[in-house]
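Let's take a few spots in turn.

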Amino acid sequence: MIKLIKSSFHHESETKRALADFVLRQDVLSMNEQCRAFEEAFAARQECRHAVFVGNGSVANLLLVQTLLNQGRLRRGDRVGVSALTWPTNVMPLIQLGLEPVAIDCELDTLNISPRNLETHVSGLRALFLTNVLGFCDDLPALRDLCDDQSVLLLEDNCEALGSSMAGTLLGNFSLASTFSFFVGHHLSTIEGGMICTDDEELHDGLLISRAHGWDRNLAVDRQAGLRAEAGVDDFHAKYTFYDLASNFRPTEINGFIGNRQIPYWDEIVGARAANFERFQQAMTGNGDVHQYDLTHMDTVSNFAMPVVCRTPELARKYRAEFEAAGVEIRPVIAGDITRQPFYRKYVRDTAERPVARLVHTNGFYFGNNPELTGDELATLCDLVCG
Ligand SMILES: Cc1ncc(COP(=O)(O)O)c(C=O)c1O
């Protein structure tokens with residue numbers, strides 16, 4: 001069986017052994033030095049100023065939106081564009097926190113929102129919370145320019161695109177802030193884990209406050225002093241003063257330790273996934289049964305799963321059956337057309353069609369792209385996508 005997820009971590013047995021030793025000798029297992037070190041290492045690899053480590057990618061999205069609301073950069077009722085092809089917890093935080101999601105259709109050759117698609121929805125949007133779908137992107141520099149021109153706050157949900165790049169820039173660095181997921185099977189696993197990256201100092205401070213109860217304990221000393229002076233807080237009460245709306249989104253030292261063990265494999269992980277993607281893409285080229293991607297604008301495509309979108313529902317049935325018969329685990333492409341999901345219909349009054357997301361929903365599926373795929377497994381997968 002070629003499973004969607006082949007291992008819990010890259011170099012799994014060494015990582016598990018090191019983890020067992022770490023747990024045995026470690027006193028403090030709640031968020032501490034390991035988490036801080038992982039944040040620093042991740043920010044360096046992601047080429048951004050700040051990285052804030054949290055429990056998973058879903059709460060990374062929730063924390064980001066909560067903090068932007070706290071800071072008045074978003075307001076309740078604001079309309080926020082999202083990709084029609086995305087994961088539910090990209091959209092749910094908007095609904096949970098009183099914002100209005102506006103699902104924008106994707107392009108068939110990139111599976112992402114394009115400037116052309118954004119243009120028809122941009123008026124009235126306060127923000128665009130873009131998903132870089134399965135390691136792919138559309139014209140991110142043009143999307144950023146369009147958002148700048150229209151004063152739309154651009155955010156990237158980069159949970160599916162660690163290591164992908166365009167125009168010499170890593171995805172996740174085209175916006176005010178980006179989120180990452182370290183769930184098992186994603187590019188880099190900490191079992192559960194997520195990150196928010198930003199270069200913005202004020203946002204960084206707000207994220208640190210709202211990640212942990214609303215207190216200031218994780219801020220730099222000078223920032224703490226400023227807040228305490230402004231609120232007239234004495235030393236006795238300082239540790240139990242709560243400055244803004246928050247929750248507890250913290251990771252543990254176990255997640256931090258694993259992150260620090262995995263990050264040296266970044267190039268290995270991204271390189272293997274990108275090389276596998278190239279092979280799948282080449283094998284698909286010329287197969288008239290499936291829609292072709294145009295990702296020539298990208299430098300690196302690093303994905304954890306390979307989407308296949310067939311031209312008809314009959315072909316989708318045929319290909320899905322062939323993959324399953326060959327022992328390949330497959331599933332729908334992310335969550336398909338998000339506007340067709342029961343939660344979206346319950347909370348968002350919106351009956352418009354997103355034809356491309358719908359087509360991907362109906363005619364698509366994906367299989368795993370893991371760094372551990374063997375030569376034989378790669379050959380099987382290439383034969384299958386070849387048609
Ligand atoms: C686009 C996107 N956003 C957010 C998430 C949530 O990440 P997590 O599973 O770490 O909560 C996922 C998960 O797959 C995702 O694909």
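## A buried aspartate

Asp-157 sits in strand 5, which covers residues 153-157; strands here are DSSP runs of E with at least two residues, helices are runs of H or I with at least four, and both are numbered from the N terminus. Keep in mind that this is a predicted model, where local features need pLDDT of at least 70, side-chain atom pairs count only at pLDDT 80 or more, and totals for chains, interfaces and linings use all residues. Residues are numbered from 1 along each chain as its sequence is written, and side-chain values use heavy atoms, with hydrogens and water left out.

So what's around Asp-157? Leaving out neighbours within four places in sequence, its contacts (heavy atoms within 4.5 Å) include Asn-61, Asn-90, Phe-129 and Thr-179. Asp-157 is buried, meaning under 20% relative accessible area with a 1.4 Å probe, protein chains only. Still, Asp-157 has no salt bridge (a side-chain nitrogen of Lys or Arg within 4 Å of a carboxyl oxygen of Asp or Glu). The nearest side chain of opposite charge, Arg-331, is 13 Å away; Lys and Arg count as positive, Asp and Glu as negative, and His and the chain ends aren't counted.

Strand 6 (residues 165-166) and strand 7 are joined by 2 bridges, and Ser-165 has Leu-170 as its bridge partner in strand 7.

Technical notes: Buried < 20%, exposed > 50% of the residue type's maximum accessible area, 1.4 Å probe, protein only. Pairing = 2+ DSSP bridges.
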